[in-house]
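Biologist: I would like to understand how this protein chain is put together. Could we go through it by question and answer?

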Amino acid sequence: METNTPEVKKTIFSGIQPSGSLTIGNYIGALRNFTLLQDDYNCIYCVVDMHAITVRQDPAQLRRRCLEVAATYIACGLDPKKNIIYCQSHVSGHAELAWILNCFTYMGELSRMTQYKDKCARHADNINAGLFDYPVLMAADILLYQADLVPIGADQKQHLELTRNIAQRFNSIYGDVFTVPEGYFGKVGSRIMSLQEPTRKMSKSDPDECYIAILDPEDAIRRKIKRAVTDSDGEIRYDPENKPGVSNLLSIIAAMSGQEIDSVVSDLQGQGYGALKNRCTEVVLDTLLPIQAEHARLMADKGYLQSILDENAQRANHLAQKTLRKIQKKVGFAARG
């Protein structure tokens with residue numbers, strides 16, 4: 001007799017820091033793609049406010065940005081009923097598991113983290129223990145939910161590898177407790193570069209003119225694209241090595257419009273950089289203005305937004321506690337009544 005056993009969905013975990021404005025690079029590389037996953041995976045999207053405080057933050061601004069990131073997730077199409085969207089600090093299991101995992105992580109592993117070295121260079125006046133240790137908290141974020149998959153870019157591969165090492169180390173001592181996560185590499189998209197330094201990836205930590213934020217006002221978007229670096233030869237072609245600025249604008253147009261880059265180049269053939277920048281402005285605004293309108297609607301009803309975060313934190317906490325209790329028993333913590 002045949003039995004129709006329902007397929008168990010895999011779990012995806014991802015987190016975004018509320019420490020700056022999310023950019024069109026975040027949208028193209030992550031947020032847009034997340035909407036394609038919500039029917040096929042158990043998706044957990046965390047606003048990682050605990051990670052954010054490794055550098056000094058204005059408390060009121062950080063609180064607002066937590067709400068803004070959650071609203072941005074939803075405005076970009078993520079359904080808070082299908083996905084778990086919550087703040088990291090609202091689930092104490094992140095910190096509790098991080099402490100346990102600290103005891104299974106070696107100082108040498110943490111000292112080799114490239115991002116730690118980069119952040120030390122940028123924040124030389126505040127090289128704190130959290131800055132050194134945050135890859136362990138990142139590992140706890142992932143392992144707490146027994147995540148199968150983690151969407152990552154090239155700059156996060158080192159952290160995922162550390163997470164896998166910690167999980168395997170713990171499992172070798174206590175049995176198969178943690179799911180060892182894999183990187184999730186979705187549809188390959190364009191790598192969006194800085195508008196002013198197009199050989200570098202666009203980053204929300206760069207000066208304002210270097211990136212387009214999802215919530216930038218229309219006049220700012222027009223200004224930034226108009227001032228974007230191109231070159232002096234005037235030819236529109238895709239050549240990242242020799243024409244990084246022009247290629248970056250073409251990548252943005254293709255990613256936002258759904259066109260192939262060759263098709264964009266063909267459409268603009270024989271025209272100047274003014275036409276290129278006008279086309280880029282048009283497709284960016286067509287994409288972002290509806291998102292901004294929905295974001296504004298959500299932010300105008302903070303009670304509703306807070307209720308989503310509270311409800312989703314409860315859902316996340318339920319999953320977290322199942323893992324945490326198992327881990328606490330494995331390491332020998334006293335039983336709870």
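This is a predicted model: local features need pLDDT of at least 70, side-chain atom pairs count only at pLDDT 80 or more; totals for chains, interfaces and linings use all residues.

Biologist: What radius of gyration does the protein chain have, and why does it agree with a compact globule?

Modeller: The protein chain holds 337 residues, and a compact globule with that number would have a radius of gyration near 20 Å.

Biologist: What share of the residues in the protein chain is buried?

Modeller: A residue is called buried when its relative accessible area is under 20%. Applied to the 337 residues of the protein chain, this gives a buried share of 49%.

Biologist: How many helices and how many strands are there in the protein chain?

Modeller: Both kinds of element occur in the protein chain. The count is 13 helices and five strands.

Biologist: Is strand S3 largely enclosed or open, and why?

Modeller: Strand S3 covers residues 83–87. In a regular strand the side chains alternate between the two faces of the sheet.

Biologist: Which residue of S3 is the bridge partner of Cys43?

Modeller: Strand S2, residues 42–47, runs parallel to S3, and five bridges join the two. In one of the pairings, Cys43 has as its bridge partner in S3 the residue Asn83.

Terms used
Residues are numbered from 1 along each chain as its sequence is written. Side-chain values use heavy atoms; hydrogens and water are left out. Helices (H or I, at least four residues) and strands (E, at least two) are DSSP runs, numbered from the N terminus. The radius of gyration is taken over C-alpha atoms; the globule rule is 2.2 Å times the number of residues to the power 0.38. Buried means under 20% relative accessible area, exposed over 50%, partly exposed in between (1.4 Å probe, protein chains only). Two strands pair if DSSP finds at least two bridges between them.
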